[in-house]
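My entries follow in the order in which I looked.

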Amino acid sequence: MRHPQSSHVQLLIFRFVSAVCAAGLLCCAGISAASDITAEELIARMIDQSRGLSSYSELSMTVNRPQWQRTSSFNVLTRGREDALIRFTAPAKDAGNATLKVGETMWTYSPKIRRSVRLPKSMMSQEWAGSDFSYNDLARSDKLLAYYRHDIVDQVEENGLITYTIESTPKENAPVVWGKERIVFRSDNVLLTQTFFDQDMQPVKEMRAFEVQELGGRMLAKRMRMSDLEDSERWTEVTYESIEFDVEIDDRNFTQFALRGE
Amino acid sequence: MRLVFQLALRNIWRQRRRNGLVLFAIVVSVGGVFVMNSLARGMEQDFLRFSIENFRGHIKILAPNQLDEPGLRYSIPQTTNWAALDRPDIETWTPRLRSPAVIMSERETRGVEIVGIDPTRESHSFIHDLVVEGEGILDPNDQHLLIGRDLAEELKTGLGRRLVVLMNGPDDTAIETGFRILGIFDSETTRYEEAYVLTGLSSLQTISGVDGFTGVSVYLKDLAYVDEVQSSLASQLPDLDVATWAQLDPFTSEMHRFIGFTVYILIVVFLGTLVFGLINALVTAVLVRIKEFGMLRVVGMKSRLVVSQVVIECVIIMLLALMIGLGVGLLFVWWIGDGIDLTAFAAGVEAFGMGARMVPHLVVDDFVILGVASVILGLIASYFPARRVIKASILQSLRDG
């Protein structure tokens, strides 16, 4: 049984968590969506929702592969959407491994070698062996505004909430590999699905939300799963065990001292 | 002396079968050495060619620190004065901008090197004989990508698709750009196809914000000028690193030297075996003719002439065999002139720094050495058996023979 390198796992988790947190944090203030709102405005609002928020959450993550399945636990501190500290608590083998993101820069720490390592940009954008995530999942929102054109292709009203389906097509020369992305989210900003299409417009991977409910005082999906649509046995699922928003977090938590657990 | 020569010729003809066999053995050896030698030389040429056409050149001028940290951080300014390169022994020179990069498609990510080229100046690198499907890089301002067939297959992408290239800019910030693939190339070796993605030089300069080059490859009219030109350029361009291909690629340089040496070992081994075979054959040949030589001496032939008769016989056979052998070898080399197809072992031979084709290469010097050495060995090999004849007394020869 082979596991991805622990730093890889951390990064992948980080991406997932960031993406999930971003999506989760977005739900804070429901948009009273007017029907003439443009797709760009909707996306911009989603992004703006998460600015300046802090959170503390405990999560578990299951990575599924044809040959093996692995579950680990970790907790996440976030400050806005830019900064985060993730620390593993289980399994014992990985406990203490931590990842810190401040702005665009990332470090990882492994208690075994007692060193923190700054990840080069090129590594941050790699697709890790055994991972269902990419850097784009993490930087999704910002990229969405800068590099895509958005069109609302569908909107359905149900129980007072509008479910939007937006298709986002990258602009020419955008640093985006996808042919398009299809984002389905509700007007209370719960992201339901995000599907990535290749340049033949075939779906490649998909992030899907399950069990949308109130957690920590906000509506968000308790479980989110990123699946490889070309191989049903490859998926990664992250589940919120608990989450608190607007917690007091000392800035000290986003330093390399904190990364090392000092 | 003429008489001796005639006698020698007649003796050779008299012992047709035995001498024919000796001749045949030498022909096979010489032909074998010829073919092996030309293949080894071909390999040597291959090593050299791959090393030089691989964006290296005979001499490479690099921005300082570029060797320690390849990438965009250290570059040669666009405004550099290249007057030093205006010399008769320099064939051409080419500036390039290269950076390690990560390239991403929808499904895969690979580490490659992105190279900004000025296609009009790439006449001496592997670029000029690429087979391109779609559109090549035809202008330094071209903004699209030209990638290798192997890489395209690994990335599961194709013509007209967009790829994302990520590299570290000169100030260490990440530069992420979308490129469209307008061309896919097939090259002689898959190494190039996997390692390089090409775009226009000016266009890459604009994207990366580097107003210059990472290196300049200099191609000489002859390999022999390398050290001289290198030291001259190094003194004229004190702010830049000037290195020869051998300094930049010590492995290939050593392989190159090693093959050059192997060629001579090969010749020595072949000739060594040949000479012992020859001595063996000649000793037998001489021993069965002891009575005959005794008779010649009885009728007044001087010992010296007896010896030279044997030696001349041997040298005639040797020369004849040498000519036939070289002829056969030449025919064989001509027959495999397009090279031996090693495609089945392509991965292996490429890892070794060779192409998938083993093309023979003839070096005249080697054959002059081979020819001269054979004749000298023939002389030595026949002299000692012949001496045995005159060592015995005439009476003994007549009685024992």
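**Interface**

I looked up the contact first: chain B puts 16 residues into it and chain A puts in 14, where two residues count as in contact if their C-beta atoms, placed from the backbone, lie within 7 Å. On the side of chain B that touches chain A, β3, β7 (162-168) and β8 (174-186) of chain B supply at least two residues each. Strand β7(B) gives the most to that side, with 5 residues. I sorted the side of chain B that touches chain A by class and got 6 nonpolar, 5 polar and 5 charged residues. Here Ala, Val, Leu, Ile, Met, Phe, Trp, Tyr, Cys and Pro count as nonpolar, Asp, Glu, Lys and Arg as charged, and the others, Gly among them, as polar.

**Conventions**

I note that this is a predicted model, in which local features need pLDDT of at least 70 and side-chain atom pairs count only at pLDDT 80 or more, while totals for chains, interfaces and linings use all residues. Residues are numbered from 1 along each chain as its sequence is written, and chains are lettered from A and ligands numbered from 1 in the order in which they are written.

**Chain B overall**

I find 13 helices and 14 strands in chain B, taken as DSSP runs numbered from the N terminus (helices H or I, at least four residues; strands E, at least two). The radius of gyration of chain B is 31 Å, well over the 21 Å that the globule rule gives for 401 residues, so chain B is more spread out than a compact globule. The radius is taken over C-alpha atoms, and the rule is 2.2 Å times the number of residues to the power 0.38. The C-alpha trace of chain B spans about 100 × 45 × 30 Å along its principal axes. Of the 401 residues in chain B, 41% are buried, meaning that 20 or more other C-beta atoms lie within 10 Å of the residue's own.

**Cores**

I looked up the largest nonpolar core, which has 58 residues; such a core is a set of buried Ala, Val, Leu, Ile, Met, Phe, Trp, Tyr and Cys residues joined through C-beta atoms within 7 Å. Among the residues that touch the most other members are B:A101, B:I114 and B:V165. Strand β3 (residues 90-104) of chain B provides the largest share of this core, 6 residues. Apart from this core lies another, of 36 residues, including A:L42 and A:F74.

**Backbone**

Which peptide bond is cis, with omega near -5°? I find that it runs from A:A90 to A:P91, and A:P91 sits in the loop between β3 (83-90) and β4 (98-102) of chain A. A:N189 is not a glycine, yet has a positive phi of about 70°. A:N189 is buried, with 24 other C-beta atoms within 10 Å. B:F55, also not a glycine, has a positive phi of about 60° and lies in the loop between α2 (16-53) and β1 (59-62) of chain B.

**Helix pair**

I checked α2(B) against helix α8 (residues 250-287) of chain B: they pack at an angle of about 175°, with axes 9 Å apart. Axes are lines fitted to C-alpha atoms over the stretch in contact, and angles run from 0 to 180 degrees between N-to-C directions. The two helices, α2(B) and α8(B), are therefore roughly antiparallel, a label for angles over 145 degrees.

Terms used
A residue is buried if 20 or more other C-beta atoms lie within 10 Å of its own, exposed if 12 or fewer, and partly exposed in between; C-beta atoms are placed from the backbone. Angles under 35 degrees count as roughly parallel, over 145 as roughly antiparallel, 65 to 115 as roughly perpendicular and the rest as oblique.
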